[in-house]
Protein chains: 2
Amino acid sequence: MNDVDNVEVLIERLRVGDFENLEKIPDVEIAYLLPDLSDAQQDRLLISLDKERRAEILSEADDSVQKSIIDRFETAQVAEMIGELAPDDGADILEALPDKESREVLNQMDSASSKEMEELLHHDPESAGGLMTPDCILLNAEYTAEEAIHAARDALDAEMVAYVYIVDSQGRLEGVVSLRHLLMANPSALLSDIIVRDVVSVHLDDHKSSVAELAMKYHYVALPVVDEENRFKGIVTVDDIMDVMEEEASEDIFRLAGTESGSPTLESVMSRVKKRLPYLLVTLVGGGMAALILRQFKNEIEALVMLSYFIPVVIGMAGNVGVQCSTVVVRGLATGEIIPSRFSKVFVHEVKVGLSLSFVFCLLSSLIVYFIEPSIAITVGIGMASGIIMASTVGTAVPLFCEKMDFDPALAAGPFVTTTNDMLGVLVYLQVAKWLI
Amino acid sequence: MNDVDNVEVLIERLRVGDFENLEKIPDVEIAYLLPDLSDAQQDRLLISLDKERRAEILSEADDSVQKSIIDRFETAQVAEMIGELAPDDGADILEALPDKESREVLNQMDSASSKEMEELLHHDPESAGGLMTPDCILLNAEYTAEEAIHAARDALDAEMVAYVYIVDSQGRLEGVVSLRHLLMANPSALLSDIIVRDVVSVHLDDHKSSVAELAMKYHYVALPVVDEENRFKGIVTVDDIMDVMEEEASEDIFRLAGTESGSPTLESVMSRVKKRLPYLLVTLVGGGMAALILRQFKNEIEALVMLSYFIPVVIGMAGNVGVQCSTVVVRGLATGEIIPSRFSKVFVHEVKVGLSLSFVFCLLSSLIVYFIEPSIAITVGIGMASGIIMASTVGTAVPLFCEKMDFDPALAAGPFVTTTNDMLGVLVYLQVAKWLI
């Protein structure tokens with residue numbers, strides 16, 4: 001077990017500048033603790049390390065920490081650090097910098113690294129092209145197994161040596177051979193005889209979420225990336241795929257809760273406030289409309305104030321049923337459980353769930369209300385049931401519709417579904433009450 | 001690109017029993033489409049395939065589909081299928097069966113497979129022991145690099161050949177050598193000379209979420225599993241780690257939304273209803289209490305009915321601010337962004353976010369209310385601000401406290417935080433109104 005045993009002690013050591021035996025602590029552990037150090041403490045620590053380690057720690061650090069370190073160091077020092085990294089990791093850091101700054105850093109880097117990173121920077125960071133690394137073992141089919149093993153051994157830069165990719169003279173992907181099959185093959189066998197031609201690849205422009213979905217589905221540790229003419233461009237490795245999976249899950253979770261953020265607890269209070277405002281503004285406007293709806297029922301409420309007691313429970317139930325439906329749909333779309341051919345089935349089944357719940361809670365809420373204000377027990381029960389049916393319909397339909405329209409369902413499901421259900425819940429409840437009383 | 005291009009066409013083909021060229025469709029694609037076939041169609045398809053493929057498809061299928069297939073097939077057929085699988089995959093399926101059934105299946109399996117699977121079944125499926133596979137390359141340090149390469153080549157059963165693990169005579173883990181380093185080493189070099197001794201391992205009882213977190217942090221494609229005496233027991237491979245990451249993210253997302261489910265849209269309506277009931281019951285009880293609180297303010301509402309118009313917006317804002325805070329904390333705890341030493345910092349910062357938001361929305365809501373019912377604009381504004389401050393405090397504190405108490409923060413954050421904030425929101429709003437008017 002190499003995980004750091006006592007984090008508090010390590011933080012304290014780093015704070016006071018006790019860097020003894022630091023070589024035993026993995027880079028990633030140090031990177032994770034940077035937010036607990038002041039800027040000056042971070043700088044003292046980084047300067048005490050050799051440039052290779054400094055680069056790796058920078059690369060593993062959280063975006064906001066990364067940005068602040070780069071701002072504090074000289075361009076030449078930044079170029080030196082980034083130049084030490086694998087091209088895809090270096091490009092990830094440069095991507096986040098303003099264009100002018102990233103250009104300055106590239107200019108001060110040695111030309112081989114800067115050329116590779118520059119090429120990666122042309123791709124959308126959200127695409128397979130933005131995730132890939134060009135460093136891998138690329139051979140043609142006339143190599144023998146033995147030659148291929150030698151090539152794998154000598155490919156010191158390659159990030160992933162478990163596979164050798166085979167391309168034709170135009171650089172088009174022909175297939176793949178695993179290192180294991182190379183070892184098992186007759187040393188003089190040609191790659192063309194042991195190649196697997198049916199290879200799952202992704203396109204440069206494919207969104208990173210679909211790259212992760214594919215890797216996950218097929219349990220691959222690397223996926224080759226090709227252009228529109230099937231020319232091999234690089235590979236996306238499993239470490240990046242795990243990062244994407246975590247990012248995509250976070251994005252959905254945060255959007256469903258109505259905030260946008262990468263690592264919210266490491267950001268400034270102001271930036272957090274800004275990211276939560278839009279959702280809350282939608283809530284405020286929706287709440288304002290709910291107030292207008294309630295005002296329409298002024299006479300009913302004045303005649304029967306107790307109707308207002310149950311506004312919170314009706315809204316709460318409708319809201320939560322709606323959130324359950326939309327969350328199930330959003331997550332199902334993300335994991336690939338819900339494919340377009342299943343949309344109508346999903347919709348029908350979720351509405352059936354809503355109907356069953358409305359029946360259960362019509363009875364239960366009537367019972368509870370009976371002990372509080374018996375005269376309106378049935379009214380509240382039926383009003384709540386109507387609210388639940390409506391909420392499950394809206395909660396299921398909105399994310400499915402957004403997916404069809406190519407609009408992020410998580411983004412819609414959070415604010416719009418909740419606010420719509422709040423307003424409609426009040427309206428349905430009071431309308432039902434008006435009819436029944 | 002090997003992903004299935006036209007899913008609809010493939011489903012139709014499978015439905016009508018056109019199984020031509022099915023060997024070109026990957027197992028996992030077929031497994032994913034099983035829910036779109038009737039039981040009879042599934043059976044016809046599975047019987048048409050050889051036993052190896054049938055086993056792989058069963059293993060890739062969703063839990064509910066898996067269960068229904070096993071129920072329909074004879075025990076002998078099930079034993080034959082599961083016997084084809086890697087021990088960890090076989091054990092995963094057996095784990096889900098009732099004890100008696102799983103015993104019957106094991107009895108009909110050949111003894112080598114059944115013994116391995118039985119051993120895995122002793123471990124908690126949520127632990128490293130429940131995830132691991134024993135199939136890997138295990139050598140002692142006196143092997144030469146060349147001998148180790150031969151061993152890797154001949155280890156046909158091994159799931160992961162990228163690493164060779166080195167154990168001492170008592171089976172204790174000494175270190176690891178990558179296949180790549182074996183290839184680069186002098187063929188006659190002893191493993192003891194090229195071994196990496198500082199190896200990150202997990203314990204049999206470690207929870208799968210911490211295994212995934214570790215793999216993710218260190219970007220490892222396999223983690224060795226040891227017992228309390230550091231004896232090597234198996235490895236957890238990256239494919240299982242990706243599954244765990246997806247499951248853990250789903251679990252958090254669903255719990256935050258107040259439902260428990262693996263693949264909700266593939267389950268029966270009844271099972272979905274059952275899983276959502278507990279959360280909704282909490283909401284109902286909380287709503288009942290909110291009604292009791294409102295009744296305490298009967299006189300105030302009767303005197304000023306317009307106070308009731310703004311109950312939805314106050315609850316909505318408090319609820320959503322609370323959800324934002326608790327979601328940020330729950331996700332931060334899951335990704336390792338929030339470690340215990342940061343608890344108080346996270347709390348203080350989130351409450352600052354709440355204070356800033358309360359200031360913004362005190363102004364904005366007063367403005368909006370001014371256009372609806374000017375006489376209570378300030379009252380609503382101050383009531384809402386108080387509700388927001390309280391909600392951000394509760395929303396941040398509850399999941400942090402649960403984590404400290406070793407209780408799942410996601411489970412608490414969903415139902416309890418929302419319901420508490422609904423009740424407190426109403427109380428604070430009306431209390432403020434009572435003071436001000």
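Residues are numbered from 1 along each chain as its sequence is written, while chains are lettered from A, and ligands numbered from 1, in the order in which they are written. Because the model is predicted, local features need pLDDT of at least 70 and side-chain atom pairs count only at pLDDT 80 or more, whereas totals for chains, interfaces and linings use all residues.

**View 1. The two chains and the relation between them.** A rotation of 180° with 0.0 Å of shift along its axis superposes chain B on chain A, with an RMSD of 0.1 Å (least squares on the C-alpha atoms of residues with pLDDT of at least 70 in both copies). That is the relation of a two-fold axis. Both copies use the same surface, in that 100% of the contact residues of chain B recur in chain A.

**View 2. The side of chain B that touches chain A.** Here 99 residues of chain B are in contact with 99 residues of chain A, where contact requires the C-beta atoms of two residues, placed from the backbone, to lie within 7 Å. Helix H16 (residues 269-296) of chain B supplies the largest share of this side, 16 residues; helices (H or I, at least four residues) and strands (E, at least two) are DSSP runs, numbered from the N terminus. By residue class, this side of chain B divides into 57 nonpolar, 23 polar and 19 charged residues. In this division Ala, Val, Leu, Ile, Met, Phe, Trp, Tyr, Cys and Pro count as nonpolar, Asp, Glu, Lys and Arg as charged, and the others, Gly among them, as polar.

View 3. Three strands of chain A form an open sheet with mixed pairing, in the order S4-S5-S6; two strands pair if DSSP finds at least two bridges between them. Strand S4 (202-203) and strand S6 (232-237) of chain A stand at the edges with a single partner strand each, so one side of each has no neighbour in the sheet. Two bridges join S4(A) to strand S5 (residues 222-226) of chain A, and these strands run parallel; A:Val202 has A:Val225 in S5(A) as its bridge partner. Helix H14 (residues 208-218) of chain A lies across S4, S5 and S6 of chain A, at about 135° to S5(A), and helix H15 (residues 238-256) of chain A lies across S5 and S6 of chain A, at about 65° to S6(A). Axes are lines fitted to C-alpha atoms, for helices over the stretch in contact, and angles run from 0 to 180 degrees between N-to-C directions.

**View 4. The antiparallel pair in the sheet of chain B.** Five bridges join strand S5 (residues 222-226) of chain B to S6(B), and the two run antiparallel. Within this pair, B:Val225 stands opposite B:Gly234 in S6(B).

**View 5. Helices H15 and H22 of chain B.** The axes of helix H15 (residues 238-256) and helix H22 (residues 409-436) of chain B come within 7 Å and cross at roughly 25°. H15(B) and H22(B) are therefore roughly parallel to each other (angles under 35 degrees count as roughly parallel, over 145 as roughly antiparallel, 65 to 115 as roughly perpendicular and the rest as oblique). From H15(B), the residues B:Asp252, B:Arg255 and B:Leu256 meet B:Ala410, B:Leu411, B:Ala413 and B:Gly414 in H22(B). The residues of this contact divide into four nonpolar, one polar and two charged.
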